[in-house]
2 protein chains.
Amino acid sequence: MPETFSLHERLAADTFLVADWTYSRVLLMNDARFPWLVLVPRAPGLRDFDDVPQARKSVFLEEIDRASRILRAHVGAEKMNVAALGNMVPQLHVHVVARFAADAAWPAPVWGVGTAVPYAPEAAKALLGALRAM
Amino acid sequence: MPETFSLHERLAADTFLVADWTYSRVLLMNDARFPWLVLVPRAPGLRDFDDVPQARKSVFLEEIDRASRILRAHVGAEKMNVAALGNMVPQLHVHVVARFAADAAWPAPVWGVGTAVPYAPEAAKALLGALRAM
């Protein structure tokens, strides 16, 4: 178990950094099909959702809710999907995905559906700017 | 928005009742391929994970963690998947699924994979008894 936090290389490769919050590193999934944030606790050695230490649970939950509110405010959303899966990347990370009945995967979950569509550089820059301002 | 809690008919049809906890109704998904609990807040009008009232968040989170611990203790698990999706059933419900690298969907999520395999009646009875005892 590593003693300091470091982001799993696959999460790093698939996302943009939005911000570091009190407990979580907030990432934007580089897939323009879905408005999709990923929260990674900035603590080493966590795998499952219930591994979050008791003293950090409320701040983590508040950050998950905050990510939902930001996405909802920014893009609207018919439904938010919130999930800690980690079958591919064992480091604990929570997906917060804004879903629409017209999106590329609805009503199925987004994971493993089709191929990610990377943001155009200007679109990523604009979206990251907007998310950071919130 | 209904004023009293009632379980969505699809959740009722797909599951067995395990127990009512302080905040959640605990259900066992009737799919023998995956050890899979579903927690439904016993409160009306909730859709998204961040709809849980502030005063109930900590008890709900504790119940989610408890469901993870029970499944892990009962069946072992290489990974727990915890997710609030609700694209099909809008009533807020949280899936807690014990995953194994040899299971029928790994490493993909379980939703929408193949067809549910109902428990044999005796197997369901035994599993429900064991879960209730925990």
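1. Two strands count as paired if DSSP finds at least two bridges between them. By that criterion, strand 3 (residues 36-41) and strand 5 (residues 94-99) of chain A are paired: four bridges join them in the antiparallel sense. Val38(A) has His95(A) as its bridge partner in strand 5 of chain A, and Leu37(A) stands opposite Val96(A) in that strand. The model under discussion is a predicted one.

2. Strand 5 of chain A is also paired with strand 4 of chain A, antiparallel, over five bridges. Here Asn81(A) stands opposite Val97(A) of strand 5 of chain A. As to burial, six of the six residues of strand 5 of chain A are buried, so the strand is largely enclosed by the rest of the structure. In a regular strand the side chains alternate between the two faces of the sheet. In strand 5 of chain A, Val94(A), Val96(A) and Ala98(A) point one way, while His95(A), Val97(A) and Arg99(A) point the other way, and all are buried.

3. These strands belong to an open sheet of 10 strands with antiparallel pairing, in the order 1(A)-2(A)-3(A)-5(A)-4(A)-4(B)-5(B)-3(B)-2(B)-1(B). The edges are strand 1 (15-20) of chain A and strand 1 (15-20) of chain B; each has a single partner strand, so one side of each is left without a neighbour in the sheet. On average, and with direction ignored, neighbouring strands of the sheet are turned by 20° against each other.

4. The two chains meet in the sheet through strand 4 of chain A and strand 4 of chain B, which pair in the antiparallel sense over three bridges.

5. Over the whole interface, 26 residues of chain A are in contact with 26 residues of chain B. On the chain A side, the elements that give two or more residues are helix 2 and strand 4 (79-84). That side has 13 nonpolar, six polar and seven charged residues by class.

6. Two copies of a chain are related by a rotation about an axis and a shift along it. For this model, a rotation of 180° with 0.0 Å of shift along its axis superposes chain A on chain B, with an RMSD of 0.0 Å. That is the relation of a two-fold axis. Within chain A, the C-alpha nearest the axis belongs to Ala83(A), at 2.0 Å from it. The same surface serves both copies, since 100% of the contact residues of chain A recur in chain B.

7. At the chain B end of the sheet, strand 1 and strand 2 of chain B run antiparallel and are joined by five bridges. They form a hairpin with three residues between them, and Ala19(B) stands opposite Val26(B) in strand 2 of chain B. Five bridges also join strand 2 of chain B to strand 3 of chain B, again antiparallel. This second pair forms a hairpin with six residues between its strands; Arg25(B) has Val40(B) as its bridge partner in strand 3 of chain B.

8. Six of the six residues of strand 2 of chain B are buried, so this strand is largely enclosed by the rest of the structure. Ser24(B), Val26(B) and Leu28(B) point one way from it, and Arg25(B), Leu27(B) and Met29(B) the other way.

9. Helix 2 (residues 54-75) of chain B has 22 residues, which should span 32 Å at 1.5 Å a residue; its end C-alpha atoms are 32 Å apart, which agrees. Its buried residues include Phe60(B), Leu61(B), Ile64(B), Ile70(B) and Leu71(B), and also Glu63(B) and Asp65(B). The buried residues of this helix pack against helix 2 (54-75) of chain A, and, within chain B, against strand 2, strand 3, strand 4, strand 5 and helix 3. Gly76(B) follows helix 2 of chain B and has a positive phi, near 70°.

10. Helix 3 (residues 121-133) of chain B has 13 residues and reaches 18 Å from its first C-alpha to its last, close to the 18 Å expected at 1.5 Å a residue. The helix lies across strand 1 and strand 2 of chain B, running at about 20° to strand 1 of chain B. Of its 13 residues the number buried is zero, so helix 3 of chain B lies largely in the open. The cut-off matters for that reading: a residue is buried if 20 or more other C-beta atoms lie within 10 Å of its own.

How values were computed. Residues numbered from 1 in each chain as written. Chains lettered and ligands numbered in written order. Predicted model: local features only at pLDDT ≥ 70, side-chain atom pairs only at ≥ 80, totals over all residues. Expected span 1.5 Å × (residues − 1). Buried ≥ 20, exposed ≤ 12 C-beta atoms within 10 Å, placed from the backbone. Contact = placed C-beta atoms within 7 Å. Axes fitted to C-alpha atoms, helices over the stretch in contact; angles between N-to-C directions. Nonpolar A, V, L, I, M, F, W, Y, C, P; charged D, E, K, R; others polar. Least-squares fit on C-alpha atoms with pLDDT ≥ 70 in both.
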